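Have the sequence and the 3D view ready, and follow along as we go.

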Amino acid sequence: MPRRNYSTMPADYTVCLHEDCPLAATCLHQIAFPRLQQTETFLHLINPSKCTKGEGCKFYRDSKPVMYARGFTGLQKKMFPQQYQSFMKILIGEFGRNIYFAYRRGELPLSPKHQETIQAALKSVGIMENLPFDRYEEQINYCD
């Protein structure tokens, strides 16, 4: 199944009711609640009895934007053909063929986690330096 990335808050985003939590001001689940409450008929709710208010909450999601990358067509120019074939095989195994090529062309944003996966694949084929992606953008991380 393809991984979904969002640049805007999804309508089915899970919300939290604990507005008295000390982390509520920066938690996406709490920030989403009043916004989605105004627009949506049905809400996906984290069970309030399963949340812990404060630092130990396993559902906390920071609202600070993170750096996403788009595209890695330039990486192929830095590799030998055999290296690139191995690199591509590793990533197709990880993401699937269609998603791999969508990521490569920059059609889908690469989360920091996926960027690490690509850098690890580079290292496994013998490229020890962290090579840059085609372009970067800041987004709020709703799904990783």
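At what angle do α2 and α4 pack, and how far apart are their axes? The angle is about 145°, and the axes lie 9 Å apart. The crossing of these two helices is right-handed. On the α2 side, the contact is made by Phe 87, Ile 90, Leu 91, Glu 94 and Phe 95. On the α4 side, the residues are His 114, Thr 117, Ile 118, Ala 121, Leu 122 and Ser 124. Sorted by class, this contact has seven nonpolar, three polar and one charged residues. Please keep in mind that this is a predicted model.

**Helix α2**

Let's look at α2 by itself. It runs over residues 81-95, and at 1.5 Å a residue its 15 residues should span 21 Å; the end C-alpha atoms are 21 Å apart, so expectation and model agree. Its buried residues are Gln 83, Tyr 84, Phe 87, Met 88, Leu 91 and Phe 95. Looking down the axis of α2, you would find these buried residues within an arc of 125°, so they line one face of the helix. The face turned away from that buried side carries the exposed residues Gln 82, Lys 89 and Gly 93. Among the elements that cover the buried residues of α2 are α3 (97-105) and α4 (112-124). Just past the end of α2 comes Gly 96, with a positive phi of about 95°.

Setting aside neighbours within four places in sequence, Gln 83 is in contact with Val 125, Gly 126 and Ile 127. Leu 91 is also found in α2, and with 0% relative accessibility it counts as buried. Which residues does Leu 91 touch, not counting those up to four places away in sequence? They are Phe 72, Gly 96, Tyr 100, Thr 117, Ile 118 and Ala 121. Leu 91 and Leu 122 are 31 residues apart along the chain, and their C-alpha atoms are separated by 9.9 Å.

**Where α2 meets α3**

The axes of α2 and α3 come within 7 Å and cross at roughly 115°. This crossing, too, is right-handed. Here α2 contributes Tyr 84, Phe 87, Met 88, Leu 91, Ile 92 and Phe 95. From α3 come Arg 97, Ile 99, Tyr 100, Phe 101, Tyr 103 and Arg 104. By class, the contact has 10 nonpolar, no polar and two charged residues.

In α3 the buried residues are Ile 99, Tyr 100, Ala 102, Tyr 103 and Arg 104. They pack against α2 and α4.

**Helix α4**

Now for α4. At 1.5 Å a residue, its 13 residues should span 18 Å, and the end C-alpha atoms are 18 Å apart, which agrees. His 114, Gln 115, Ile 118, Gln 119, Ala 121 and Leu 122 are buried in this helix. They cover an arc of only 155° around the axis, which puts them on the same side of α4. On the other side of α4, Lys 113, Glu 116 and Ser 124 are exposed. What covers the buried residues of α4 includes β3 (66-70), α2, α3 and β4 (135-139).

**Glycines after the helices**

| Helix | Glycine after the helix | Phi |
|---|---|---|
| α2 | Gly 96 | about 95° |
| α3 | Gly 106 | near 90° |
| α4 | Gly 126 | about 100° |

**A stop in a loop**

Let's finish at Ala 24, which lies in the loop between β1 (14-15) and α1 (28-39). Is Ala 24 buried or exposed? Its relative accessibility is 11%, so Ala 24 counts as buried. Leaving aside neighbours within four places in sequence, Ala 24 is in contact with His 18, Glu 19, Gln 30 and Ile 31. Ala 24 and Tyr 60 are 36 residues apart in sequence, while in space they are 8.8 Å apart, C-alpha to C-alpha.

Note on methods:
Residues numbered from 1 in each chain as written. Predicted model: local features only at pLDDT ≥ 70, side-chain atom pairs only at ≥ 80, totals over all residues. Heavy atoms only, no water. Helix = DSSP H or I, 4+ residues; strand = E, 2+ residues; numbered from the N terminus. Expected span 1.5 Å × (residues − 1). Buried < 20%, exposed > 50% of the residue type's maximum accessible area, 1.4 Å probe, protein only. Arc of directions from axis to C-beta. Contact = heavy atoms within 4.5 Å. Axes fitted to C-alpha atoms, helices over the stretch in contact; angles between N-to-C directions. Left-handed = near helix turned anticlockwise from the far one by under 90°. Nonpolar A, V, L, I, M, F, W, Y, C, P; charged D, E, K, R; others polar.
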